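Thanks, everyone; I would like to walk through a few geometric points on this model, and please keep the viewer open while I talk.

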Amino acid sequence: MNLLDVAGFVTGALSVWLAVRQNPWNWPFGVANAVCFFLLFLRARLYGDMALQVLFMAICLLGWYRWLFGGEGHSRLSVTRISQRSAVAYTAAGIAATALFAPYLRSVGDAAPLADALTTVLSVEAQYLMTRKVIEHWLVWMAADVIYIWLYAERGLYLTSLLYVVFFAMCVAGMRDWWRDIAAQPAAAA
């Protein structure tokens with residue numbers, strides 16, 4: 001355990017907890033978390049996860065804007081559901097992206113190319129869906145978290161692995177809380 005691991009744990013936990021609460025301040029904490037994890041994953045030679053942090057920084061800025069001004073009439077964004085067509089498209093894109101990314105990670109000496117590629121792709125999709133407040137993003141995060149828990153423990157990043165156990169529990173809470181919110185709104189599809 002090192003200082004980056006601790007900082008990643010704290011900023012990550014705050015970011016997800018604020019997302020569960022639908023607080024737009026989750027996004028700046030997400031940027032801080034991405035910086036910590038970029039450096040941590042560089043040391044651990046998890047290059048897919050490292051590169052993901054750069055993308056997360058950009059997505060966090062987009063999410064912050066969308067949550068504040070992306071709703072109707074530039075109001076706060078409401079929670080929505082994904083359409084069946086969009087779910088199929090995201091799944092197909094995720095499979096294709098994982099298949100393309102894994103060989104590249106293997107070629108650069110990634111420590112776990114397939115798991116790193118899959119979790120990277122799932123994380124990008126989940127984070128992007130979260131910028132749109134699509135409730136199903138919690139399910140995508142849960143799938144990624146299960147893999148991350150194993151991957152980080154296997155690499156000796158035990159505190160980060162524990163963080164993903166906490167993230168998984170927060171995803172369950174977030175899904176429950178967001179369902180309450182969506183039940184109070186007219187039906188909408190993303």
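Predicted model: local features only at pLDDT ≥ 70, side-chain atom pairs only at ≥ 80, totals over all residues.

Helix 6 (residues 137-154) and helix 7 (residues 158-183) pack with their axes 8 Å apart and at an angle of about 165°, where axes are lines fitted to C-alpha atoms over the stretch in contact and angles run from 0 to 180 degrees between N-to-C directions. Helix 6 is therefore roughly antiparallel to helix 7, a label used for angles over 145 degrees. By class, their contact has 19 nonpolar, four polar and one charged residues; nonpolar here takes in Ala, Val, Leu, Ile, Met, Phe, Trp, Tyr, Cys and Pro, charged takes in Asp, Glu, Lys and Arg, and the others, Gly among them, count as polar.

Residues are numbered from 1 along each chain as its sequence is written, and side-chain values use heavy atoms, with hydrogens and water left out.

Turning to helix 5 (residues 113-131), its 19 residues should span 27 Å at 1.5 Å a residue, and because its end C-alpha atoms are 27 Å apart, the two agree; the expected span is 1.5 Å times one less than the number of residues. Of those 19 residues, 15 are buried, meaning under 20% relative accessible area with a 1.4 Å probe and protein chains only. Just after helix 5, K133 takes a positive phi of about 55°.

Finally, N33 is found in helix 2 (residues 26-44) and is buried, at a relative accessible area of 10%. Leaving aside residues up to four places away in sequence, N33 touches G8, T11, G12 and Q53, with contact meaning heavy atoms within 4.5 Å.

Key. Helix = DSSP H or I, 4+ residues; strand = E, 2+ residues; numbered from the N terminus. Buried < 20%, exposed > 50% of the residue type's maximum accessible area, 1.4 Å probe, protein only. Parallel < 35°, antiparallel > 145°, perpendicular 65-115°, else oblique.
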